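Colleague: Please take me through the terms used for this model, setting each value against its cut-off.

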Amino acid sequence: MNRPIPGTVEVGVRHILSDKVTGFLVRTRRITWKDGIFRVRRPQSGKQTVELNCPVCDASLLAEVRTEARTRRTRVVFGVLAALCAIVFFAAFAYAVHEGGKTLPEGQSLPTLFPVSVVSIFVTFAVTPALAIRSRVYNGVTLLDAPKPRRRHSIRPVRR
Ligand SMILES: [Zn+2]
């Protein structure tokens, strides 16, 4: 069993081997990658930059590590935002159904709030799951910069 060590965080450095989009009407994205696991020490305060070397291609990647407290706070913020977006989603949905279901008298158009609510539904529908995931997996480590092949790398949270 791998127990979390206080003051450190495990991150996966993902090297994208290939990223192909195939198909025309139905697009399938096929990504293959290889992950290397690193244990990174968290700073006592503020943030710290660490260098990680990709185990596949040896590219050096700069990552920013934040403190445990800061990470926890950021996770809470993501959680609150996700909850707010969910509330907006349901409120806008209820409103749109309510207004859209009305039979309007001749020559009267829907209130301007109607398109706003429709847009809100789409936006919150797209954003809420991403925020909810962030609030659970955010680990305070973000990829800063890397030489040329930056686009082919990402830093993933490691979950146990
Ligand atoms: Zn690499």
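**From values to terms**

Colleague: What makes the meeting of the side chains of Asp19 and Arg29 a salt bridge?

Modeller: In this predicted model, the two side chains meet at 2.6 Å, N to O. The term requires a side-chain nitrogen of Lys or Arg within 4 Å of a carboxyl oxygen of Asp or Glu, so the pair Asp19 and Arg29 qualifies as a salt bridge. Asp19 belongs to strand β1 and Arg29 to strand β2, so the pair ties together parts that are 10 residues apart in sequence.

Colleague: How do you know whether Arg29 is buried or exposed?

Modeller: The relative accessibility of Arg29 is 56%. Exposed means over 50%, so Arg29 counts as exposed.

Colleague: How many salt bridges does the structure hold?

Modeller: The structure holds six. One of them joins the side chains of Glu10 and Arg39 at 3.5 Å, N to O, and this value meets the requirement of within 4 Å.

Colleague: Which parts does the pair of Glu10 and Arg39 tie together?

Modeller: Glu10 lies in strand β1 (residues 8-22) and Arg39 in strand β2 (residues 28-41), so the parts tied together are 29 residues apart in sequence. Glu10 has a relative accessible area of 16%; the cut-off for buried is under 20%, so Glu10 is buried. Arg39, at 36%, is partly exposed.

Colleague: Which atoms coordinate the zinc ion?

Modeller: The donors are ND1 of His15, SG of Cys54, SG of Cys57 and NE2 of His153, at 1.8 to 2.3 Å. Donors must be N, O or S atoms within 2.8 Å of this metal, so these four atoms count.

Colleague: Why is the site of the zinc ion called tetrahedral?

Modeller: The angles among its four donor atoms run from 102 to 115 degrees. Four donors count as tetrahedral if all angles lie between 85 and 135 degrees, so the site is tetrahedral. In sequence, the donor residues follow the spacing H-x38-C-x2-C-x95-H. His15 in strand β1 and His153 in strand β6 (residues 153-157) link distant parts of the chain, 138 residues apart. His15 is buried at 10% relative accessibility, and His153 is buried at 6%.

Colleague: How do you know which strands stand at the edges of the open sheet?

Modeller: The sheet has three strands in the order β2-β1-β6, with antiparallel pairing. β2 and β6 each have a single partner strand, so one side of each is left without a neighbour in the sheet, and these two stand at the edges. From one strand to the next, the twist averages 30 degrees.

Colleague: What makes β1 and β6 a pair?

Modeller: Five bridges join these antiparallel strands. A pair needs at least two bridges, so β1 and β6 qualify. Within β6, Pro157 is the bridge partner of Val11.

Technical notes
Residues are numbered from 1 along each chain as its sequence is written. This is a predicted model: local features need pLDDT of at least 70, side-chain atom pairs count only at pLDDT 80 or more; totals for chains, interfaces and linings use all residues. Side-chain values use heavy atoms; hydrogens and water are left out. Helices (H or I, at least four residues) and strands (E, at least two) are DSSP runs, numbered from the N terminus. Buried means under 20% relative accessible area, exposed over 50%, partly exposed in between (1.4 Å probe, protein chains only). Donors are N, O and S atoms within 2.8 Å of the metal (3.2 Å for Na, K and Ca); water is not among the atoms, so sites may look incomplete. Four donors count as tetrahedral if all angles lie between 85 and 135 degrees; four count as square planar and six as octahedral if opposite donors are over 155 degrees apart and all others between 65 and 115; anything else is irregular. Axes are lines fitted to C-alpha atoms, for helices over the stretch in contact, and angles run from 0 to 180 degrees between N-to-C directions.
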